[in-house]
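Student: I would like to go through how an interface is read from a model.
Tutor: Let us take the structure shown here.

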Amino acid sequence: MPKNAMQSTPDKQSGKATVLLLAFLVAAIGTALVAWVLITMFTHKQEARVPYVQVVELNEISVDPEPWGLNWPHHFDGWKATAGDKFYGGSSAMPQSKLEKQPWLKRLYAGYAFSIDYRQARGHAYMLYDQGVTERVTKKPQAGACLHCHGSTTVLYRKVGLEALGEDSSDEALAADFNMEAVQKGFEEVSTKTYEEVLAMLKQAPDGTPDENEPVFPPAPVGGFEGEFAGQPVPEDHPMVGEAHPVTCIDCHNPKTMAIRVTRPGFVNGIRALAEGEAPAPHLPSIAKWRNGDRNEPYDPNAHASRQEMRSFVCAQCHVEYYCANKKTLTFPWKNGLRMEDEERTWEETTFPDGSDFVDYIHGETGAVTYKVQHPEFELWSQGIHARSGVSCADCHMPYQRVGAAKLSSHNVQSPLKTINSSCQNCHHQSETELVDRIETIQSRNQALLERAGEAMTEMIDAILEAKAAGADDEALKDVFVLQRKAMWRLDYISSENSRGFHADQEAARILGESIDYSRQAQVAALRLRAPEAPSTADLPIEEVQGVTTPQEE
Amino acid sequence: MPVLVAATFGVLGGLGVFTFGYGEGYAYLGNDPQSCANCHVMQESYDSWVKSSHHAVAVCNDCHTPHDSYAAKYLTKADNGFFHSLAFTTGNFKDPIQIKQRNSKVVQASCLHCHQDLVNHMLPLHEGDDMLSCVHCHASVGHSQSIAPRRYEGY
């Protein structure tokens with residue numbers, strides 16, 4: 001017995017020790033978890049109390065977004081996230097060529113740089129890089145107007161403008177205030193210069209961080225992948241040295257108040273023309289209000305537009321149809337309204353400063369005068385149910401997100417398909433799968449109609465070429481060319497618009513329907529020109545009206 | 001050793017009580033809607049409830065906890081309280097928030113708790129049949145922000 005007792009004591013003791021050790025571990029882990037909950041709670045309470053801490057002073061010269069990022073790290077991170085590979089339709093690698101996927105695009109853009117290189121769009125981060133490397137820019141001379149949207153040009157325009165107006169254009173003067181008149185002047189001075197020239201000016205323009213020349217996103221190789229310095233080290237004194245930024249904070253925000261604003265002269269002129277015109281714009285109440293007012297001051301979006309309208313206007317500074325080459329300054333064709341045919345009419349009425357008729361390009365195969373549609377997202381949205389319901393671009397593409405207790409607009413601007421919950425379900429209380437189904441239904445129908453329109457367009461061009469080969473001259477084809485231009489304008493309108501019909505599905509279908517109709521009209525007209533005269537149909541028998549159809553007798 | 005373990009549990013207990021107090025956890029035992037808005041996610045729901053048609057007659061608990069018994073009520077509170085804290089602490093939740101099937105049943109039962117006499121003729125004939133949930137059409141009676149399942153199954 002004593003032997004047994006002696007044996008059991010260490011067992012009992014080690015059992016007791018194990019229980020104590022386990023209890024200790026449970027208490028330690030429990031304490032750690034409670035401490036974690038406590039710290040999270042504290043953090044959330046702090047976030048609720050202080051939305052941001054301003055550590056850097058910003059001014060009207062702060063083009064470089066990095067100092068802004070010190071004050072607003074979450075917004076800055078979102079902006080940087082547009083470089084991610086999750087962007088809908090794009091990725092961190094150069095995206096697929098659209099020309100290979102939809103070969104009819106080559107026929108549509110024959111004779112125009114878009115037939116050389118045309119790819120799927122990527123996130124905002126890539127806008128300057130992708131423009132620098134696209135063969136449209138590296139192989140063909142392009143206008144500096146292209147940088148109106150792809151670069152952060154506000155300060156450059158203002159500097160050039162102040163110089164042209166003979167006013168103080170020092171860094172201090174530039175930093176002090178935003179002078180729209182100088183921006184306009186600089187814009188006019190710069191638009192007709194070449195792309196390379198303006199890019200070099202942009203890199204040398206002050207950006208608020210003179211000692212730092214490393215942009216957040218790596219720049220495109222100088223001159224693209226070809227040209228004078230392709231693959232070579234660039235000489236120190238070469239004007240291309242410096243820092244250029246894609247669209248950054250200052251392009252949409254007032255650095256003093258953080259209020260959103262528009263800075264692009266192209267938009268300011270365009271929306272003013274719209275306000276001064278007659279076209280209805282029921283989704284933009286501030287325009288109706290201005291029209292009913294005394295009109296002493298011209299319509300100014302920064303002064304007259306509501307906050308909700310501004311949440312679309314900042315996007316509409318670039319996501320629109322425009323003329324962007326060097327025969328005249330960048331122009332948004334809105335004086336007759338925002339509908340497809342309003343814009344078409346505006347171009348038909350437009351002449352270049354030298355008096356010649358407006359043209360984007362002469363079609364390379366048929367020789368018809370054609371207009372190139374850019375990407376009328378704002379205009380198509382204007383025709384849709386979301387615009388009519390007061391939903392802005394930012395509501396879907398920059399949905400509110402919660403970071404801790406703080407609520408902010410996502411600056412990772414992307415397809416709402418990536419954020420159905422925060423983008424759509426605020427208003428649409430259906431399940432995510434149901435919403436995705438609806439979107440895909442709209443977009444696949446649009447795609448199917450688009451392909452049909454592309455096919456009709458291709459057959460139209462073939463028919464016109466056959467008519468030319470049969471001897472029809474430009475005079476004989478005059479009316480056919482007008483039909484061709486109308487067909488192409490409509491097809492391009494929906495094909496280039498970046499919502500696959502979603503921004504206004506019924507309108508998109510209407511436009512594609514018209515495109516198909518014009519293509520077929522042109523095809524038939526061209527066919528008539530080369531085919532022999534049709535025999536008369538007057539003698540063909542016509543069945544009399546029978547009433548109820550009688551069964552055929554055996 | 002036992003002293004150390006006792007001390008450790010003392011720390012856990014103390015920190016636990018402090019955290020409960022700091023997070024105003026005690027408020028969740030009562031009926032005050034303000035305490036639901038302790039969690040920032042509920043702020044919009046709270047704000048719109050203040051303006052809603054039910055403001056005068058129902059608080060959060062009237063629609064979101066069962067009326068059968070106190071046990072069921074506090075079980076639901078415990079269940080939601082735990083998962084809400086977990087979701088908000090980890091940041092892993094839908095925003096705008098979406099109601100779960102289980103809580104949707106509670107809401108449906110609450111609608112009927114008050115309105116059954118009015119809607120008797122619309123209820124399914126057999127137990128277990130499905131029906132549209134009341135809030136599918138009356139989405140904003142309680143508060144405007146609600147993403148609820150369309151159908152209520154198993155009445």
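**Chain A and chain B**

Student: How many salt bridges are there between chain A and chain B?
Tutor: The count between chain A and chain B is five, a salt bridge being a side-chain nitrogen of Lys or Arg within 4 Å of a carboxyl oxygen of Asp or Glu. B:Asp95 pairs with A:Arg402, with 3.1 Å between the closest N and O atoms. This is a predicted model, where local features need pLDDT of at least 70, side-chain atom pairs count only at pLDDT 80 or more, and totals for chains, interfaces and linings use all residues. Residues are numbered from 1 along each chain as its sequence is written, chains are lettered from A and ligands numbered from 1 in the order in which they are written, and side-chain values use heavy atoms, with hydrogens and water left out.

Student: What area is buried between chain A and chain B?
Tutor: Interface size is often given as the accessible area lost when the parts come together. Here about 2,700 Å² is buried, with carbon and sulfur atoms giving 66%; the value is the accessible area (1.4 Å probe) lost by two parts on being put together, summed over both.

Student: How many residues does each chain bring to the contact?
Tutor: With contact meaning heavy atoms within 4.5 Å, chain A brings 30 residues and chain B brings 32 residues.

Student: How much of chain A is buried?
Tutor: Buried residues (under 20% relative accessible area, 1.4 Å probe, protein chains only) make up 47% of the 554 residues in chain A. The C-alpha trace of chain A spans about 130 × 90 × 60 Å along its principal axes.

Key
Buried means under 20% relative accessible area, exposed over 50%, partly exposed in between (1.4 Å probe, protein chains only).
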